[in-house]
Amino acid sequence: MTNTAQSILGGQANGPVLATREPLSFWGGVDPATGCVIDVHHPLNGKCITGAILMMPTTRGSCTGSGVILDLALTGRGPAALVFCEAEDVVTLGALIAVEMFDKQLPVLRLSPDAFAALSTAATASITPTSITAEGMDIPVTPPISSAVTLSAADQAMLDGNEGIAAQQAMRIIRAMAGNQGADTLIDVTQAHIDGCIYASPANLTFAEKMADMGAQVRVRTTMNAISVDHSNWQAQGVPPNFGRPAQRLADAYVRMGCQPTFTCSPYLLDTAPTEGETIAWAESNAVIYANSVLGARTTKHPDFLDLCIALTGRAPHSGVYLTRNRHATRIIEVDMPPAVDDAFWPLIGYLAGKAAPDCIPVLRGLAGGHPSPENLKAVCAAFGTTSASPMLHVDGVTPEAHLVAPEADTVQITRADMAAGWRLLNAGPETVELVAVGSPHASLEECQTLADVLADRKVSVPTIVTTGRQVMQNARTDGTIARLEAAGVQVLSDICWCSISEPVFPPATRALMTNSGKYAHYGPGLSGRAVRFGSLADCAAAATTGHAPRTLPRWLD
């Protein structure tokens, strides 16, 4: 047995050990207001992480987890320490920001598998810069690895403060993260996408306004994710000012730094979407996975805050899936695809693929005959990101790099029995629904048109809301799709997304909702506190007009 521990961020901590073998997304999985785990599908659901030595292999899911951990650190609701046994960037970056910019200590360590397994059994533990002690064990801790990143002359000038204090702070953070990732150099990026503009917690606003007040200005084209309010209409929608104002201020801070107010979580639908081989720096998990997998662009899953630092410098750590050798599939997933599937099949498969490959890049085989559309692949990538930490996947015969398969790749299967079990897992809600939620990630023009077609001349009987980006909204208004949806009683909203929507825009009387999103079917119960039903876009239209979602398997699984 080899018990070793590497300090990533140093410090001291004492507390009870709270351990899990399943990764957790801090955004959508932990409530920053309480420190409690709210992911109803996670083994730690209901547990409080405040003051604990929190142990998990790594994290998964949203890049916004860095903002959640920063807020927890600033409010005193955070864990005493974070302990991983695999590489982890998202909450590590949040902990780094807490130390770098706010002088709040949150130790982060990476243990060998043997040490992780041993410490997981302890009731309490004590951490110092040189050791971890618990019942019957004393694990030596090696100091943080000093950065060996080779900087260019321009990088060094930024680090020396020649380009201003904001660029200097950004370069310090990038260099530290590059060292954590094992990068030797930094690389140029052509564009960035900011995820930290979501008002997940007050810490997001604190960070953004501090950087803006330093005079920060982006150096590359930088788009923005969906925000937490409809920027121009939140007051008319009845959003309380104590939430609406800071959410608007957060968006405005990024615009002040030169970011484009695109306000969409589907930046691959924009005219500025990257091309195959383009080196970019995106945050927002579904967008990162789609960019790598479907478009063939290159970006790691950058945590919130690092996305801005890269946009301010135009430079990113040369690590992860920026490197071709790290883009190979190491797991083959054979899918027993039923005939005549509908659009609900694709998010379900993405969700199950993430469970089958929680920590590695898979290639999905058996799907090419279904001729997946861009919307189908969008759904696969979004759902995959809820259950896997991987920044990409391949679909054999469909995506551009599906030939990249490691010789040592193992093989697993997703059977129709697995699909039926996954369907039931995502359909825990009752048959009566009071809300239909479409657009997580933001709906494309084609999805809006399809919903209008499926509804035809019917009118909805329960609130039905579609969220989409500003560019899609404009195109849908121009071609008459918005008018058709509104005539059916559907509300179409821009700027916000289901994963950031709040009351009263989210109808308060809702007890259960219906969605076609595998991503929101997973996160919705924890984020909204409501039961969720999942199905196809046609199922959503039927539920919208009847308020009823039969508890049956889809025909292609019968």
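The following conversation asks how some descriptions of this predicted model were reached.

Modeller: Residues are numbered from 1 along each chain as its sequence is written, and side-chain values use heavy atoms, with hydrogens and water left out. Because this is a predicted model, local features need pLDDT of at least 70 and side-chain atom pairs count only at pLDDT 80 or more, while totals for chains, interfaces and linings use all residues.

Colleague: Why are α2 and α5 called oblique to each other?

Modeller: Two packed helices are described by the angle between their axes and the distance between the axes. Helices here are DSSP runs of H or I with at least four residues, strands are runs of E with at least two, and both are numbered from the N terminus. Axes are lines fitted to C-alpha atoms, for helices over the stretch in contact, and angles run from 0 to 180 degrees between N-to-C directions. Helix α2 (residues 90–102) and helix α5 (residues 165–181) pack at about 140 degrees, with axes 11 Å apart. Angles under 35 degrees count as roughly parallel, over 145 as roughly antiparallel, 65 to 115 as roughly perpendicular and the rest as oblique, and α2 and α5 are therefore oblique to each other.

Colleague: Which residues make the contact of α2 with α5, and how do they divide into nonpolar, polar and charged?

Modeller: Contact means heavy atoms within 4.5 Å. On the α2 side the contact is made by Thr92, Leu93, Leu96, Ile97, Glu100 and Met101, and on the α5 side by Gln169, Arg172, Ile173, Ala176, Met177 and Asn180. Ala, Val, Leu, Ile, Met, Phe, Trp, Tyr, Cys and Pro count as nonpolar, Asp, Glu, Lys and Arg as charged, and the others, Gly among them, as polar; the contact of α2 with α5 therefore has seven nonpolar, three polar and two charged residues.

Colleague: Why are α13 and α17 oblique to each other?

Modeller: The axes of helix α13 (residues 445–455) and helix α17 (residues 537–546) come within 9 Å and cross at roughly 50 degrees, and α13 and α17 are therefore oblique to each other. In this contact Glu447, Thr450, Leu451, Val454 and Leu455 of α13 meet Leu537, Ala538, Ala541 and Thr545 of α17, and these residues divide into six nonpolar, two polar and one charged.

Colleague: What makes a space in the protein a cavity, and how many cavities of 30 Å³ or more are there?

Modeller: On a 1 Å grid over the protein atoms alone, a cavity is a set of points where a 1.4 Å probe fits but cannot get out, and lining residues have an atom within 4 Å of a point. Grid points are joined across faces, edges and corners, and a volume is the space filled by probe spheres set on the points. By this rule the count comes to five cavities of 30 Å³ or more. The largest cavity has a volume of about 110 Å³, and of the 15 residues that line it, the closest to its centre are Trp27, Ile198, Glu284, Cys499 and Lys519. The lining of the largest cavity has seven nonpolar, five polar and three charged residues, whereas the second largest cavity, of about 50 Å³, has a lining of three nonpolar, four polar and one charged.

Colleague: What does Ala200 touch, not counting residues up to four places away in sequence?

Modeller: Ala200 touches Trp27, Pro32 and Thr64, and it lies in the loop between β12 (191–194) and α6 (202–213).

Definitions and conventions
On a 1 Å grid over the protein atoms alone, a cavity is a set of points where a 1.4 Å probe fits but cannot get out, and a pocket is an open set with protein on both sides within 12 Å along at least five of seven lines; lining residues have an atom within 4 Å of a point.
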